[in-house]
Amino acid sequence: MEKTLNVQGMSCGHCKASVEGALQKLDGVSAADVNLEAGTVVVSYDEANVTVDTMKEAIEDQGYDVTA
């Protein structure tokens with residue numbers, strides 16, 4: 001399954017690496033691709049192993065806000 005999340009506060013390569021790294025550490029996430037210009041991250045994941053709420057929490061733990 002694939003989900004696009006809107007993430008506020010990302011502005012540089014470090015931001016991109018932080019968000020992608022946090023998501024890829026989650027069991028069930030196979031890929032995470034941040035688009036800094038759009039302020040989004042596209043996550044490929046197995047919904048049987050990880051929830052959208054868990055992914056949002058991982059991003060927020062890095063200091064960024066996830067918006068609907």
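**Note on the predicted model**

1. Of the 68 residues of the protein, 38% count as buried, a term that here means under 20% relative accessible area with a 1.4 Å probe and protein chains only. The model is predicted, so that local features need pLDDT of at least 70 and side-chain atom pairs count only at pLDDT 80 or more, while totals for chains, interfaces and linings use all residues. Residues are numbered from 1 along each chain as its sequence is written, and side-chain values use heavy atoms, with hydrogens and water left out.

2. The protein holds 2 helices and 4 strands, taken as DSSP runs of H or I over at least four residues and of E over at least two, numbered from the N terminus; along the sequence they follow the pattern β-α-β-β-α-β.

3. Strands E1 and E3 pair in the antiparallel sense over 5 bridges, pairing being assigned if DSSP finds at least two bridges between two strands, and Glu 2 has Ser 44 in E3 as its bridge partner. E1 is also joined to strand E4 (residues 65-67) by 3 antiparallel bridges, with Asn 6 standing opposite Thr 67 in E4.

4. Leaving aside residues up to four places away in sequence, Val 29 is in contact with residues including Leu 23, Val 43 and Met 55, where contact means heavy atoms within 4.5 Å.

Key:
Buried < 20%, exposed > 50% of the residue type's maximum accessible area, 1.4 Å probe, protein only.
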